[in-house]
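Grab your viewer and work through these exercises with the coordinates open. Try each task before reading its solution.

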Amino acid sequence: MSFSIKIYADRYLQIFVQLLIVTQFVIIKMQVNWFVAYLNCIELVGGKPAFAYMARNNHNDKSQVPNTRVGRLLRERELRRSGRTSDVTDGIRGLEISDIDSSSGSSSTEHNVESEESGSPERRPIKQRLLVVANRLPVSAVRKGEDSWSLDISAGGLVSALLGVTDFEARWIGWAGVNVPDEIGQKALTKALAEKRCIPVFLDEETVHQYYNGYCNNILWPLFHYLGLPQEDRLATTRSFQSQFAAYKKANQMFADVVIEHYEEGDIIWCHDYHLMFLPKCLKDYNSQMKVGWFLHTPFPSSEIHRTLPSRSELLRAVLCADLVGFHTYDYARHFVSACARILGLEGTPEGVEDQGRLTRVAAFPIGIDSERFTRALEVPNVQEHIRELKERFAGRVVMLGVDRLDMIKGIPQKILAFEKFLEDSPEWRDKVVLLQIAVPTRTEVAEYQKLTSQVHEIVGRVNGRFGTLTAVPIHHLDRSLDFASLCALYAITDVALVTSLRDGMNLVSYEFVACQDSKKGVLILSEFAGAAQSLGAGAILINPWNITEVAAAIGQALDMPAEEREKRHHHNFVHVTTHTAQKWAEVFVSELNDTVIEAQQRIRIVPPQLLAGDAIRRYLESDNRLLILGFNAALTEPYDIPERRGRDQIKEMELKLHPELKQPLTMLCSDPKTTVLILSGSDRNVLDDNFWEHDLWLAAEHGMFLRSTKGDWMTTMPENLNMDWVDSVKQVFEYFTERTPRSHFEERHTSLVWNYKYSDVEFGKLQARDMLQHLWTGPISNSSVDIVQGSRSVEVRAVGVTKGAAIDRIIGEIVHSKDMSSPIDYVLCIGHFLERDEDVFTFFEPELPPDSMGGSRSKSTDSTSRHGSEKRPTPKLQTVGRSNSSRRSSGGSSSGSGRRSTQEETTWNVVDLKSENYFSCAVARTLTHARYLLNSSEDVVSFIKEIAAAGASPSNSSY
């Protein structure tokens, strides 16, 4: 017993000593790491220890910044609430890709973190610059002389929003609203505007006429407000459309030139409204690293409306160049994503729109107002005097108010007609209520607006004539604007505000009314077609302005509403208006733009680089035995299936044809004795025969399950005992859904079935595909050995083991045997637009994979991020089984495809001796890929193949 105790004691003593040694080692390592970090910090912060800055700026410590976007934004929100807003944005700004630790979420301290001590400018925090680009500058410029100007600051919603943003150094870029043709005047105006932190864009009169009055106001504005394209003189509009659109693009480029001139690295560029939809593209074409956001202040129409615009695709693609696209409401954002999906054929996601791996984030950012400006104004003596006068003027009457631009979308005629209906139905209110309608004139030179003005005056006159008296009229109509003090006083004495917009981006009049009603607790009647209905709908009475009877009933409900209910409704809206201010709107948008750029940079790290043709061709020329594996569909085919034109000619698009410019280059490549060309496709054998019969190459159909040289017969490479019992039941399901889904079709192959819905309605096709998958999993294939492969617009069911990567080893074995190769393959180029399930062909030749007998399937997937680069790796010798004295049973292209080699004598030898730098795997138009490199389109594939063929045919070409 004592002996066993001694043994245990010795063991515990040994363990304790080992733990002590490990602990000391860890402590020493931590001290070394701390000292190295100390030296690095001194180097980063100008010779001063970085932790000295961190101690005074704990809230800027990036080690607390979460990895997720929502986490980072929540953290910033809490910091802003705690009053530490001046450095929050610097924290986001400083969080660059190189600083992010994927394992711990920590990052290095930003070099521009400054001391909180006030005093000299050198010690103040460096603010991030914000370049606000809008069609008009927030100033009114009047020329006083040859070189002098008078400037008045405008008080718009965007101006108010950015005046309250203190975390950024804002600069305005835009048109001053005046024509300045002479250089002296331009220099003088530029100098005067610089004092207001404004930078002018000088547009000539013709450009303004075509761009602003023409394309913006005559085309885009009506379309975005569901008024459609111009109805009068359609032929003239059609003829002038191209010139207006050209002027629109020219003006956007002029704005971009000014932005580029004043841009500094790290600036945020915030583009505003439909006038500048092309600006994000112009800026990104110049510098793809710019942080660009775009915000639309109007509604964005449904895809069915937007698709009527001749330049629909160009505008959508230009906006998608921005990093963040913002709208007032979720409905507008949803319409934009839907338009991109239906018109451009892109993939809509909950985050935004994805195009070849690049994600443009799309989100809703409801704008607010500077509510404190209105509440403070009510305390000004001048405003209080106005309030007293108005109360005396309308004593004994309930005041209803409408404040609108005199515009087609504001629903002023509908409002007055509804008020007339209310007076008809409620005679007891005729002497007790008055409607004050402020209609601010706009675009008075346009015939349609002149007609609207006459219509409104006619209705007002009729109502006042019917229900007015010698001493009072029910409607007071003013065709002019009011100054700020008068407007606030009018809001304050109003009992019911009536907003009847037929279509409105937001309508901030409702916000202004609520901000001035904290004492009176008035009722808001709000159109459901105004963006503000999404925010203030709970406290307002929502109406359909087209339903005159409903609006009249809402007026009666508001006038008869108990005081308790009025107070509850007002309290809800007042809290929203005072917390969701214009300043918060701007802060949130810019913050999310910064964070969106961070996420985009993280995403770019896992996207392979573009294929460098020069390097690939140089290695090609230096090699002795080359294997070129080329996909067919979307890689070598004619570019009929362009997403934005998809479905225009479905019959032609479904017929796969080799690109005509590739026939000669392929012939040149195939004639080179050092080069073997393999076409590896999921298409049927007949399709490949029709396209490649005249070339001396190898064809692998149905994902490599059938193989032949164009000089020989088809043979099968399918694994033995491949179970195909599931085909009939799955075929019935595919036939059923094809009948239910217009313009869908399915293809029956020997090893798979494919249902394609890329020509069907996008949303309906997705719903049908989801229903199909649910039915397949619970029914026909629930106990079958099959794989379901989902493409972007297709569903494929195939037998387990049917992949391009699984077949490639058997294919190479057949090729090596048939060609009697005497030297190993030392160069492989693999290009294709393959589905994710078939991308194992890209990883098959990766040198870092362990050696494997090519008699078995190699379909290992490796992380694409670990393979990028040109570093050399240990290269295994892939082995195959060379077959001699074998017999071949030809399938002769028959449907049975039963040709298979039988092995009698086997010898093992090395057929692939591939260095890492001699392997080029390249995905076409797929950024989420296991390939090493990218090509953007089939046109890029054509250009590269033509180039490599020309280089191979010209031995004197040494430029590579």
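In β16, Leu498 has Ile525 as its bridge partner. Before going on, some ground rules: this is a predicted model, where local features need pLDDT of at least 70, side-chain atom pairs count only at pLDDT 80 or more, and totals for chains, interfaces and linings use all residues. Residues are numbered from 1 along each chain as its sequence is written, and side-chain values use heavy atoms, with hydrogens and water left out.

**Exercise 1**

Work out which strands pair with β16, and in which sense.

Step 1. Helices (H or I, at least four residues) and strands (E, at least two) are DSSP runs, numbered from the N terminus. Two strands pair if DSSP finds at least two bridges between them.

Step 2. Strand β15 (residues 496-499) runs parallel to β16, and four bridges join them.

Step 3. Strand β17 (residues 541-543) also pairs with β16 in the parallel sense, over three bridges. There, Ser527 stands opposite Ile543.

**Exercise 2**

Step 1. Five of the five residues in β16 (residues 523-527) are buried, so the strand is mostly covered under the under-20% cut-off.

**Exercise 3**

Find the largest cavity and say which elements line it.

Step 1. On a 1 Å grid over the protein atoms alone, a cavity is a set of points where a 1.4 Å probe fits but cannot get out; lining residues have an atom within 4 Å of a point. Grid points are joined across faces, edges and corners, and a volume is the space filled by probe spheres set on the points.

Step 2. Eight cavities of 30 Å³ or more turn up, and the largest holds about 60 Å³ of space.

Step 3. Its lining includes Phe513, Val514, Val523, Leu524, Arg569 and His570. The elements giving two or more residues to this lining are α18, β16 and α21 (563-579).

Step 4. The largest share, three residues, comes from α21.

**Exercise 4**

Classify the ring pair Phe224 and Phe300.

Step 1. Rings of Phe, Tyr and Trp (its six-membered ring) pair if their centres lie within 6.5 Å; planes under 30 degrees apart count as stacked, over 60 as edge-to-face and the rest as tilted. By this rule there are 31 aromatic pairs.

Step 2. Phe224 and Phe300 sit 5.4 Å centre to centre with 50° between the planes, which makes the pair tilted.

Step 3. The pair links distant parts of the chain, 76 residues apart: Phe224 is in helix α7 (residues 205-224), and Phe300 is in the loop between β7 (291-295) and α10 (303-306).

Step 4. Phe224 is buried at a relative accessible area of 0%, and Phe300 counts as buried at 0% too.

Note on methods: Buried means under 20% relative accessible area, exposed over 50%, partly exposed in between (1.4 Å probe, protein chains only). On a 1 Å grid over the protein atoms alone, a cavity is a set of points where a 1.4 Å probe fits but cannot get out, and a pocket is an open set with protein on both sides within 12 Å along at least five of seven lines; lining residues have an atom within 4 Å of a point.
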